[in-house]
Amino acid sequence: MSKPITAFLPYSGNDFTRRTVREMQETGLVDRVYLLTTGSGVTPIEGCRMHPVDSITAGGTMKLIAQEAATPFTLLLIHDTPIELGQFGLDRFISVLGNTGAGIVFADYYDIKEGKRTLHPVIDYQLGSVRDDFDFGSLLLFDSAVLKDEFAEIGDVPYGFAGLYAMRLAISRRRAVTRISEFLYSKIESDVRKSGEKLFDYVDPRNRMVQIEMEQAATDHLKRIGAYLKPEFKEVNFDEEAFEIEASVIIPVKNRARTIVDAVESVLKQRTLFLFNLIVVDNHSTDGTTDILRTFAQKDDRIIHIIPQREDLGIGGCWNEGAHHPTCGRFAVQLDSDDLYKDETTLQKVVETFRREKCAMVVGTYQMTNFELEEIPPGVIDHREWTPDNGRNNALRINGLGAPRSFYTPVLRRVKIPNVSYGEDYALGLAISRDYQIGRIYEPIYLCRRWEGNSDADLGIAKLNTYNSYKDKLRTFEILARQRKNEKESAAV
């Protein structure tokens, strides 16, 4: 019986690649190993073929893999990192792919840090797993025939960075992308940053060309699955309802005695040409936050301090309480209880943007700071990847839209917000953008403070997987909704 796997590994001359190659060869399953090198002068490894590539994810690399894979299965190691195969790990990869007819399989794995082995489960792939940073781990096994066929579909696009991303999207349109929830290998984790530090990689200006390509691949995918939305939007009528108050700042809060004073004061100092108020939804705080807010409300009648009757509310549920309160103004403007507005002009700029751009939602730009309001990396987060024509399509690829987020209240009340404490803002942005334009402010108007109390400062694997699964599910819901929208509009023509 011939060996069923052709393996492709990144190689920069490290000894650990030799050990990985030896392990693969000892399984008796690997017919040939190709070493993908991005530099010169590296020492060859006996029994392997070396090929120079621009990057492991480039379109040219995918072309090489599609051309050279001469076995039923193609194995790709996507990180230049030490790998230890588990007992019959490759056999299990082959078994699942062969028995299920999947196009790609990937698996849970172990992290090795400072000699300690810990579990690193990944998450299932679904229709909405279209973000380019989906965590597959380090090993992917492809059905070679499917890989070759799908490369023929996307191969004309000269991707310098998004080749692998475009490839797996293409394969997902034809076959399942299947996770094996078993720990089939171990890897030494090279990116040891906290989850809160990795969160903003996609808005790093140094990655701009990468993001342009990723958007191109994602947009093409959405068009092919019938979920792409043309730049055609519903008009917003700001006079459909009468409002005494033009804008309401809404702050959901629970146990933020340390930060709530700064947040409230940053609202009260706003200078505007219209009436505004502040609705604080106090979710049964027990640390003194309630007393602080009562004192504020007694001194300033612009403050509406709400303690919900319900005790099952997340951040989204608290937002619903504020948005549906009779004192809520025409525009509802976000402020987290940890954060504050950059200066006294924030609210005026938000409302002016609504009026000028006639949009149902406005997203601003924020500046990352420490607790003392000193700027910290990555600094200003402006989400310049957004474009008026394609922003709502690209929103399905990225993990957030920015802050502060503001809404035309009648639309917000119709859409409603998921009663969760993570991703509720993203769900709302996707749903609103399905029909309406979103306006942008590209100058910093908001200070986002990072401190140990932030919910996403450093997430464990289990929590991070829960959050990512939920956002992928939101994308699944939204892709299905957009497909139905397009089908209905086509049928009506």
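The structure holds one cavity of 30 Å³ or more. A cavity is here a set of points, on a 1 Å grid over the protein atoms alone, where a 1.4 Å probe fits but cannot get out. The model is predicted, so that local features need pLDDT of at least 70 and side-chain atom pairs count only at pLDDT 80 or more, while totals for chains, interfaces and linings use all residues. Residues are numbered from 1 along each chain as its sequence is written, and side-chain values use heavy atoms, with hydrogens and water left out.

The largest cavity contains about 40 Å³ of space, a volume being the space filled by probe spheres set on the grid points, which are joined across faces, edges and corners. Its lining is formed by Met62, Ile65, Thr74, Leu76, Phe142, Leu147 and Met167, where lining residues have an atom within 4 Å of a point. At least two lining residues come from each of α2 (59–68) and β4 (73–77). Helices (H or I, at least four residues) and strands (E, at least two) are DSSP runs, numbered from the N terminus. Six of the lining residues are nonpolar, one is polar and none is charged. In this classification Ala, Val, Leu, Ile, Met, Phe, Trp, Tyr, Cys and Pro count as nonpolar, Asp, Glu, Lys and Arg as charged, and the others, Gly among them, as polar.

Leu147, one of the lining residues, is also among the buried residues of helix α4 (residues 144–154), together with Ser144, Val146, Glu150, Phe151 and Ile154. These residues lie on the same side of α4 because they cover an arc of only 150° around the axis, the arc being that of the directions from the helix axis to the C-beta atoms. Buried means under 20% relative accessible area, exposed over 50%, and partly exposed in between (1.4 Å probe, protein chains only). The cover over the buried residues of α4 includes α2, β4, β8 (139–143) and α5 (163–172). At the N-terminal end, α4 is capped by Asp143, with a side-chain oxygen 3.0 Å from the backbone nitrogen of Ala145.

Strand β8 also contains Leu139, which counts as buried because its relative accessibility is 0%. Leu139 and Leu76 are 63 residues apart in sequence, yet their C-alpha atoms are 5.8 Å apart in space. Beyond its neighbours within four places in sequence, Leu139 is in contact (heavy atoms within 4.5 Å) with Met24, Leu75, Leu76, Leu77, Ile83, Leu85, Phe93, Val105, Phe106 and Tyr185.

Backbone geometry was also examined. The peptide bond from Pro377 to Pro378 is cis, with omega near 5°, and Pro378 belongs to strand β16 (residues 375–381). A cis peptide bond also runs from Ala403 to Pro404, with omega near 0°; Pro404 is in the loop between α12 (391–394) and β17 (405–408).

His284 is not a glycine but has a positive phi of about 60°. The loop between β11 (276–282) and α9 (289–299) holds His284, which counts as partly exposed because its relative accessibility is 26%. Lys416, likewise not a glycine, has a positive phi of about 70° and is found in the loop between α13 (409–415) and α14 (424–433). With 45% relative accessibility, Lys416 counts as partly exposed. Helix α14 itself is mostly covered, with nine of its ten residues buried: Glu424, Tyr426, Ala427, Leu428, Gly429, Leu430, Ala431, Ile432 and Ser433.

Technical notes. On a 1 Å grid over the protein atoms alone, a cavity is a set of points where a 1.4 Å probe fits but cannot get out, and a pocket is an open set with protein on both sides within 12 Å along at least five of seven lines; lining residues have an atom within 4 Å of a point. A polar contact is a pair of N or O atoms within 3.5 Å; within protein, one must be able to donate a hydrogen and the other to accept it, and residues adjacent in sequence count only if both atoms are side-chain atoms.
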